[in-house]
Amino acid sequence: MSQAPSPVPHHVAIIMDGNGRWAKSHGLPRIEGHRRGVETVRTTTFAARDLGVRMLTLYAFSIENWKRPPDEVGALMGLLEYYLKQELTTFVRDRVRLRTIGRTDELPAGVQQVLRTTMEETKHFADYTLVLALNYGSRSEVVDAARAYAAAVAAGQEKLNDGSWATFSRYLYTADMPEPDLVIRTSGETRISNFLLLQAAYAEFVFTPVLWPDFTKADLAAAIAEFNKRERRFGLTSEQLAKPAAVAK
Ligand code: IPE
Ligand code: IPE
Ligand code: MG
C-alpha cells in the first residue's frame with residue numbers, strides 16, 4: 001500500500017540571516033552578501049511554491065536593522081527597490097501575490113511606491129503569497145495593534161470586555177493571514193530576533209547552519225522533512241491527538 005504524502009506546511013516563515021558572514025568568508029564587502037541574498041530570495045520564492053507551500057514570509061528588514069551603518073542601510077533599501085522593480089513582471093506572470101507586514105510607511109518613498117504598485121497588481125492571486133517583513137518588529141506590531149484596538153474601543157466598534165485573542169489578533173499586521181507552521185532561521189543563530197513572536201506561538205522551528213546566500217531548494221526541502229517528523233500537540237497529549245473525538249472543545 002502506498003503511504004499518504006507528508007503534509008506540506010501551509011505557511012513557512014524564514015529569518016534570512018548570514019549575508020554578512022557569507023561575504024566575509026568570501027573576502028567581499030557585506031553588501032555583496034546582501035546582493036547574493038536577494039538571489040536566494042528569488043530562488044526560494046519559487047522553490048517554496050514548487051514544494052507545495054502556500055504562503056512564504058521572509059524577514060527582510062527588522063526595525064532594529066536601522067541601527068546598522070548608514071551606507072549598509074542605504075544599500076539594503078536600494079537593493080529592495082531594485083529587486084521589487086525586477087520582480088513585478090515575474091510576480092504577475094507567475095501569479096504570486098505580494099504583501100507586507102511592518103511599518104512600511106517609514107520606508108523610502110521609492111520603495112513604498114513600488115510596493116504599492118506590486119501589491120495592487122497581484123492582489124487577486126489566491127494560490128501563493130509572498131509576504132515581506134519590512135521594517136518589522138513584533139514589539140512594535142503589538143504597540144500598533146494595541147493603539148488601533150484602543151481607538152476601536154473608543155469609537156464603540158469593540159467592547160473592552162471582549163478580551164479574546166481572536167478579537168485582538170485582528171489588529172495585528174497579520175490579521176488575515178494564517179499563522180506560520182514552520183519558522184526557519186539560517187546562519188546557525190538560534191534566536192527569534194523580534195520576529196512573529198505571537199504568531200509563531202505553536203510553530204515548529206528549524207535552525208540550519210547554512211548562510212542565507214547558500215540556502216537552496218534542497219535545504220528548504222530538508223527543513224520541511226524535519227517539520228514532518230515533529231508532532232504538533234498544541235497543548236494536548238499524544239494519545240488525545242490519536243483520538244481527536246475525545247478532546248473537550
Ligand atoms: C541578514 O544577513 C540580512 C539582514 C538582516 C538584512 P546579515 O546582514 O544579518 O548577516 P550576518 O548576520 O551579519 O552574517
Ligand atoms: C534578523 O537578523 C533580521 C532579519 C533577518 C531581517 P539580524 O541579523 O538583524 O538579527 P540579530 O541582530 O543577529 O539578532
Ligand atoms: Mg544577522
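These legends describe close-up views of one predicted model. Residues are numbered from 1 along each chain as its sequence is written, and chains are lettered from A and ligands numbered from 1 in the order in which they are written. Because the model is predicted, local features need pLDDT of at least 70 and side-chain atom pairs count only at pLDDT 80 or more, while totals for chains, interfaces and linings use all residues; side-chain values use heavy atoms, with hydrogens and water left out.

**View 1. Helix H2 and the elements that pack against it.**
Helices (H or I, at least four residues) and strands (E, at least two) are DSSP runs, numbered from the N terminus. Helix H2 (30-50) has 21 residues and reaches 30 Å from its first C-alpha to its last, close to the 30 Å expected at 1.5 Å a residue, where the expected span is 1.5 Å times one less than the number of residues. The buried residues of H2 include Gly33, His34, Gly37, Val38 and Val41; buried means under 20% relative accessible area, exposed over 50%, and partly exposed in between, with a 1.4 Å probe and protein chains only. These buried residues pack against E1, H1, E2, H3, E4 and H7, contact being counted for heavy atoms within 4.5 Å. Just after H2, glycine 52 takes a positive phi of about 100°.

**View 2. Helix H4 and its cover.**
Helix H4, residues 109-122, has 14 residues and spans 20 Å from its first C-alpha to its last, close to the 20 Å expected at 1.5 Å a residue. Val111, Gln112, Val114, Leu115, Thr118 and Thr122 are buried in H4, and what covers them includes helix H3 (70-93), strand E3 (97-101) and strand E4 (129-136).

In soluble globular proteins, nonpolar side chains tend to be buried together. A nonpolar core is here a set of buried Ala, Val, Leu, Ile, Met, Phe, Trp, Tyr and Cys residues joined through side-chain atoms within 4.5 Å. The largest such core has 38 residues, and Ile14, Leu84 and Leu130 have the most contacts inside it. Among the elements that give two or more residues to this core are strand E1 (11-15), strand E5 (182-185) and helix H7 (217-229), while H3 gives the most, with eight residues. Leaving out residues up to four places away in sequence, leucine 130 touches Thr45, Leu56, Leu58, Tyr83, Phe91, Val96, Arg97, Leu98 and Arg99. Apart from this core lies another, of 15 residues, among them Val131, Ala133, Tyr136 and Phe195.

Rolling a probe the size of a water molecule over the atoms shows where empty space is left. On a 1 Å grid over the protein atoms alone, a cavity is a set of points where a 1.4 Å probe fits but cannot get out, and a pocket is an open set with protein on both sides within 12 Å along at least five of seven lines; lining residues have an atom within 4 Å of a point. Grid points are joined across faces, edges and corners, and a volume is the space filled by probe spheres set on the points. The largest pocket has a volume of about 710 Å³ and is lined by 32 residues, of which Met16, Asn19, Tyr59, Ala60 and Asn65 lie nearest its centre. Helix H1 (19-25) and strand E2 (55-62) are among the elements that give two or more residues to this lining. The lining of the largest pocket divides into 16 nonpolar, eight polar and eight charged residues, where Ala, Val, Leu, Ile, Met, Phe, Trp, Tyr, Cys and Pro count as nonpolar, Asp, Glu, Lys and Arg as charged, and the others, Gly among them, as polar. The second largest pocket has a volume of about 150 Å³, and Arg54, Met55, Arg97, Ala126 and Thr129 lie nearest its centre among its 15 lining residues.

Glutamine 199 lies in the loop between E5 and strand E6 (204-207) and is buried, with a relative accessible area of 5%. Neighbours within four places in sequence aside, glutamine 199 is in contact with Tyr136, Glu141, Leu172, Thr174, Glu179 and Pro180. Serine 193, also placed in the loop between E5 and E6, has a positive phi of about 50° although it is not a glycine.
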